[in-house]
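Please find below my note on the model under discussion.

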Amino acid sequence: MSRTPRLIPPDLTKRLHGLRLALACLSLLVCIPCAFAQPTPSSLARAKVVAYSSGTAFAVLDATDKLRRIKLTGVDAPERKQRFAAEARALASQWLGSASIEIAVDATDKEQRIHGRVTVNGNDIGLVLIEAGLAWCDPTDEGHLPPAIRAAYRQGCEQARSQRRGLWQEANPTPPWEYRKLPQFDPLPGAGKTSSRSCKQIGYETVQCDDGTRYRSVGNQVLGSDGSLYSKRGNTLSGDDGTHYTQRGATIYGSDGTVCRARGRQIDCF
């Protein structure tokens with residue numbers, strides 16, 4: 001039975017004040033050099049992590065309580081459906097914790113996602129993940145790293161690979177930027193299936209599903225109480241892992257095989 005997407009499609013938001021589809025997985029748009037603008041500001045001080053998409057992608061509230069999406073520059077952790085994804089998120093959470101952090105900004109991309117580095121007690125979190133074998137060196141944005149740090153990341157990747165740490169225990173692990181390219185197919189509209197999950201509006205821009213998870217719409221983003229984070233554009237909601245959901249009338253089709261139908265304040269997914 002398919003897992004239920006997490007989302008609040010724009011058209012349904014008008015009708016249900018923040019209806020969401022809960023997504024099964026999440027991750028980041030593949031970055032290309034031409035997609036980046038000059039970084040502004042050069043750093044973010046007193047930022048607090050509020051949600052994780054992966055070990056190297058998370059959302060923070062800055063000093064003004066503005067929500068910002070962060071991706072560690074030059075590092076890419078496994079997507080949620082890949083092996084070692086949970087271990088990478090756990091290690092990142094262990095280091096970042098709930099305290100305020102400072103982010104050195106390397107670039108911002110066309111989606112206004114910040115690519116930066118975080119150091120905790122003198123430890124570069126990107127390098128910590130790499131050396132543990134829980135992240136790849138990411139060729140899509142490593143050009144924004146200072147040369148010395150880029151060299152340290154590459155050395156860390158080679159050592160983790162040679163010592164078969166973490167994800168390198170597999171002979172040929174799939175990098176997340178390749179995993180995101182794997183084709184996804186929309187299913188037929190779930191005929192003959194029993195609803196696997198239901199969600200209901202409980203307040204303005206907030207819904208709750210039958211497993212107790214809540215989802216709240218904030219501008220063009222959706223935050224889940226389970227740590228999930230999604231961005232909205234037009235009739236489509238996208239997870240950071242490339243999974244997306246598209247609304248057609250009162251039906252929402254997920255690229256993970258989920259189909260959801262809205263009836264008043266209720267939405268049922270199959």
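This is a predicted model: local features need pLDDT of at least 70, side-chain atom pairs count only at pLDDT 80 or more; totals for chains, interfaces and linings use all residues.

1. Length of helix 2. This helix covers residues 85-96, and its 12 residues should span 16 Å at 1.5 Å a residue. The C-alpha atoms at its ends are 16 Å apart, in agreement with that expectation. Just after helix 2 comes Gly97, which takes a positive phi of about 55 degrees.

2. The buried face of helix 2. The buried residues in this helix are Ala85, Ala88, Leu91, Ala92 and Leu96. Viewed down the helix axis, the buried residues fall within an arc of 135 degrees, so they line one face of helix 2. Their packing partners are strand 2 (43-54), strand 3 (57-61), strand 6 (101-109), strand 7 (114-120) and helix 3 (125-131).

3. Ala85. This residue belongs to helix 2 and is buried, its relative accessible area being 2%. Setting aside neighbours within four places in sequence, Ala85 is in contact with Pro78, Glu79 and Arg80. Ala85 also lies 7.1 Å from Gly55, C-alpha to C-alpha, although the two are 30 residues apart in sequence.

4. Beyond neighbours within four places in sequence, Asp62 is in contact with Leu44, Arg46, Ala47 and Arg68.

5. Polar contacts of Asp62. The side chain of Asp62 makes a polar contact of 2.8 Å with the side chain of Thr64. A polar atom of the Asp62 side chain also lies 2.8 Å from the backbone nitrogen of Lys66.

6. Strand 6 and its pairing. Strand 6 pairs with strand 2 in the antiparallel sense over 3 bridges, and Ala47 stands opposite Ile101 of strand 6. Strand 6 also pairs with strand 7, again in the antiparallel sense, over 5 bridges. Here Ala104 stands opposite Arg117 in strand 7.

7. The hairpin. Strand 6 and strand 7 form a hairpin with 4 residues between them. Within the turn, Gln112 has a positive phi of about 65 degrees.

8. The nonpolar cores. Which members of the largest nonpolar core touch the most other members? Among its 36 residues, they are Phe58, Leu96, Ile103, Val118 and Leu129. Leu96 is also one of the buried residues of helix 2. Not counting residues up to four places away in sequence, Phe58 touches Val49, Ala51, Tyr52, Ser53, Arg68, Arg69, Ile70, Leu72, Leu96 and Val118. There is also a second, separate core of 12 residues, which includes Cys199, Cys209, Ile267 and Cys269.

Methods
Residues are numbered from 1 along each chain as its sequence is written. Side-chain values use heavy atoms; hydrogens and water are left out. The expected span of a helix is 1.5 Å times one less than its number of residues. Buried means under 20% relative accessible area, exposed over 50%, partly exposed in between (1.4 Å probe, protein chains only). The arc is that of the directions from the helix axis to the C-beta atoms. Contact means heavy atoms within 4.5 Å. A nonpolar core is a set of buried Ala, Val, Leu, Ile, Met, Phe, Trp, Tyr and Cys residues joined through side-chain atoms within 4.5 Å. A polar contact is a pair of N or O atoms within 3.5 Å; within protein, one must be able to donate a hydrogen and the other to accept it, and residues adjacent in sequence count only if both atoms are side-chain atoms. Two strands pair if DSSP finds at least two bridges between them.
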